[in-house]
There are 2 protein chains.
Amino acid sequence: MTKKVLLKDIAKKAGVSTALVSYVLNGLEKEKRVGRDVVEKINKIAKELNYQPNQIARSLRSGKTKTIGLIIADISNPFSGQIARFIEGEAARLGYTVIIGSTDENSTKFSSLIDSMLYRQVDGLIMAPAEGSSQKIKKLVKEQVPFVFIDRYFPGISANHVVLDNYEATYNAVNYLIAHGRKNICLIIYKTLAVHMQQRILGYKHAMKDNGLEDNIIVKEIPRRSYFQVKADTEKNMDELFADKKMDALLFAANALSISGLYAIRKHKIKVPDELAVIGFDGHEVFDFFEPPIAYIKQPLEEMGTEAVRILVEQIKGVKKTVHTEVKHQFISRESGG
Amino acid sequence: MTKKVLLKDIAKKAGVSTALVSYVLNGLEKEKRVGRDVVEKINKIAKELNYQPNQIARSLRSGKTKTIGLIIADISNPFSGQIARFIEGEAARLGYTVIIGSTDENSTKFSSLIDSMLYRQVDGLIMAPAEGSSQKIKKLVKEQVPFVFIDRYFPGISANHVVLDNYEATYNAVNYLIAHGRKNICLIIYKTLAVHMQQRILGYKHAMKDNGLEDNIIVKEIPRRSYFQVKADTEKNMDELFADKKMDALLFAANALSISGLYAIRKHKIKVPDELAVIGFDGHEVFDFFEPPIAYIKQPLEEMGTEAVRILVEQIKGVKKTVHTEVKHQFISRESGG
DNA sequence: TAAGTTTGCTTAATCGTTTAAGCATACATT
DNA sequence: AATGTATGCTTAAACGATTAAGCAAACTTA
């Protein structure tokens with residue numbers, strides 16, 4: 001790259017010190033009592049030379065990088081991608097740049113991503129923590145790194161988070177199915193102790209119980225691995241499920257599970273919703289194309305993303321209060337629901 | 001955040017100067033002839049205090065941030081997301097961090113993203129340039145900013161790029177359709193002069209001509225706008241197309257066009273491939289779920305992403321040679337192809 | 001023994017900003 | 001005339017690392 005224009009260059013050309021130039025370009029000309037003509041001269045020269053301050057130098061001096069670290073499961077997944085997009089947008093609006101890293105739900109990767117981001121002096125973090133990361137998180141809390149959880153959180157740790165009303169989401173979905181005459185509703189969910197998933201299970205179970213259907217509870221747990229693996233595991237589980245035919249509705253508790261399940265339903269040529277009502281999670285174009293279109297629980301991604309950024313920026317600015325935000329799901333009613 | 005451990009702290013504790021500490025921690029102990037016992041002491045203390053060098057200070061001194069700027073159309077789009085993922089992975093492997101920005105195909109946003117990234121002193125850029133950005137790009141060339149185009153490029157500008165063999169991709173797809181008995185093949189493409197799209201048009205036209213079908217050429221151009229708009233525009237165009245029934249095959253030249261087109265095909269209840277053969281672009285789960293599954297032209301995203309990073313890092317390290325990489329498409333044959 | 005070499009360390013400049021502190025000069029006040 | 005106070009600027013330290021240059025002391029060599 002060709003040599004950059006520095007404060008010094010402007011100062012030299014204007015015949016003043018760099019301090020004055022800095023004051024003027026940072027809008028401190030009143031406070032620092034800079035002469036009218038000098039202000040004009042400096043502004044003119046800065047524009048002429050197309051001066052851009054070096055953010056690195058600025059960061060070193062100020063201790064702030066105006067950078068946010070975003071740690072998610074996998075940026076190539078549309079759910080993560082969309083939320084990243086909203087986060088990026090809101091961050092830019094507030095003058096922040098975003099660095100993204102994907103964990104693959106692996107706590108080692110998660111940990112080293114955090115290190116590498118702190119190492120780069122990010123001002124704060126927004127993250128969907130991988131399981132088994134609570135030790136790392138406790139360190140962040142102790143070191144007072146500003147951060148916000150998104151989508152998930154750890155129950156024992158008091159930290160900011162923005163999450164879905166997971167319990168209500170499945171509770172309502174189950175009630176919808178029951179209201180449409182379904183009784184044998186199976187929940188397909190990841191095998192994990194993560195709170196957000198446990199909430200979804202609980203919402204399902206309570207809804208079943210509240211309708212006197214506690215004996216009909218069926219939960220199928222799929223290990224959380226690569227997308228490819230999840231698809232295979234889901235298919236196997238579905239094969240078993242379809243074998244005993246008792247079931248008349250399926251509720252998926254996560255996006256990739258929904259897609260995987262739909263592959264299986266399609267393979268078995270199950271008639272939806274006649275034989276089986278289906279409710280998916282998170283939304284996907286595949287839901288539109290399925291015959292019939294799939295009803296689903298929708299997360300307000302834009303709200304979650306922007307809210308997370310706002311909370312984080314508050315924290316970065318020194319607000320101490322811990323914020324727990326629960327956003328409301330939306331139920332997208334479609335034919336598949338029964 | 002609590003106070004960080006500095007070189008100075010280690011130096012003080014070890015009773016030596018910061019220079020020695022820096023030498024040791026950077027593995028220069030041999031070259032700089034540091035005493036054995038001092039080396040050990042420094043390493044021990046650094047480990048004890050869990051020292052992490054401040055990258056900002058390092059960057060200011062070295063002029064290198066070990067950061068790559070990635071500018072794409074829209075990170076929430078799976079195509080962009082996947083490529084971003086591969087880029088992120090390869091960059092991390094080479095010690096680089098990635099900053100991502102989305103242009104929405106808007107040249108103003110594109111330009112300000114570049115500014116903001118340079119402003120943050122990225123070492124180089126990987127980008128899918130928006131149309132109408134050639135002036136901005138020429139400046140980058142003049143200022144010798146290392147960069148690599150991905151997916152697209154500007155013909156008048158000699159710069160590094162990694163792109164698909166766009167011409168061959170459509171040429172072969174058309175031949176496939178013709179070999180399967182289709183004669184009235186319509187190409188659905190974005191209305192743009194961008195080279196990569198023009199190459200796809202050319203591949204289509206030449207294939208038609210080479211098979212004596214130049215009189216059957218039909219190209220429908222869809223303005224490139226928001227995804228929502230594209231869907232509406234495509235639907236309108238398809239309505240017209242289906243009205244005159246002459247067509248027996250459709251070739252989509254981009255991913256969003258394919259999805260949009262499939263919505264229309266579905267709406268019109270066209271029988272694929274009996275009434276109409278269909279070939280999509282880029283791949284998508286929707287292609288799997290469509291009845292029948294949609295054949296498509298697949299881009300080797302991993303190869304494109306990693307290759308782009310490698311080329312960029314070479315450039316950052318000072319290699320002057322301009323690299324043009326054309327990666328090979330893959331044709332995924334499915335029932336929809338005829 | 002004098003000169004040269006090796007060893008092991010320190011000093012201080014540097015990267016490009018920001019900003020506290022200080023220094024003239026001009027003007028106002030008594 | 002002496003003092004106070006705006007006004008308008010400069011100087012230099014600081015951020016946290018890297019690294020060229022230099023300085024002693026110990027050891028070789030002729």
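Begin between two domains of chain A. The rule finds 1 salt bridge across the interface of domain 2 of chain A and domain 3 of chain A; a salt bridge is a side-chain nitrogen of Lys or Arg within 4 Å of a carboxyl oxygen of Asp or Glu. This is a predicted model, in which local features need pLDDT of at least 70 and side-chain atom pairs count only at pLDDT 80 or more, while totals for chains, interfaces and linings use all residues. Residues are numbered from 1 along each chain as its sequence is written, chains are lettered from A and ligands numbered from 1 in the order in which they are written, and side-chain values use heavy atoms, with hydrogens and water left out.

**Stop 1: domains 2 and 3 of chain A**

Color chain A by domain. Domain 1 is 7–53, domain 2 is 65–163 + 302–326, and domain 3 is 166–300 + 332–337. These bounds come from an automatic or database domain assignment. The C-alpha centres of domains 2 and 3 of chain A lie 29 Å apart.

Now show the residues where they meet. On each side, 12 residues of domain 2 of chain A are in contact with 12 residues of domain 3 of chain A (contact means heavy atoms within 4.5 Å). The area buried between these two domains of chain A is about 1100 Å², and carbon and sulfur atoms give 53% of it. Buried area is the accessible area (1.4 Å probe) that two parts lose on being put together, summed over both.

Select Phe79(A), Glu131(A) and Tyr153(A). In domain 2 of chain A they lose the most area to domain 3 of chain A, together 36% of what that side buries.

Next, find Glu105(A) and Arg224(A). Their side chains meet in a salt bridge at 3.1 Å, N to O.

**Stop 2**

Select Arg224(B) and Glu105(B). They form a salt bridge, with the closest N and O atoms 3.1 Å apart. The pair links distant parts of the chain, 119 residues apart. Arg224(B) is in the loop between strand 7 (218–223) and helix 10 (227–244) of chain B, and Glu105(B) is in the loop between strand 2 (97–102) and helix 6 (107–119) of chain B. Helices (H or I, at least four residues) and strands (E, at least two) are DSSP runs, numbered from the N terminus.

Buried means under 20% relative accessible area, exposed over 50%, partly exposed in between (1.4 Å probe, protein chains only).

**Stop 3: where chain A meets chain B**

Show both chains. Here 56 residues of chain A are in contact with 56 residues of chain B. The two chains bury about 4800 Å² between them, 56% of it on carbon and sulfur atoms.

How many salt bridges cross the interface of chain A and chain B? The rule finds 6. Select Asp74(B) and Arg85(A): their side chains meet in a salt bridge of 2.6 Å, N to O. The rule also finds 28 residue pairs in polar contact across this interface of chain A and chain B (both at pLDDT 80 or more). A polar contact is a pair of N or O atoms within 3.5 Å; within protein, one must be able to donate a hydrogen and the other to accept it, and residues adjacent in sequence count only if both atoms are side-chain atoms.

Then select Asp74(A), Asp104(A), Lys109(A) and Arg85(B), which are linked in a network of salt bridges.

**Stop 4: Asn160(B)**

Go to strand 5 (residues 160–164) of chain B, where Asn160(B) is found. Asn160(B) is buried, with a relative accessible area of 5%. A polar atom of its side chain lies 2.8 Å from the backbone nitrogen of Val323(B). Asn160(B) and His324(B) are 164 residues apart in sequence but 5.5 Å apart in space, C-alpha to C-alpha.

**Stop 5: Asp239(A)**

Finish in helix 10 (residues 227–244) of chain A, which holds Asp239(A). Asp239(A) counts as partly exposed at 29% relative accessibility. Leaving out residues up to four places away in sequence, Asp239(A) touches Lys267(A) and His268(A). Display the side chains of Asp239(A) and His268(A) to see the polar contact of 2.6 Å that joins them.
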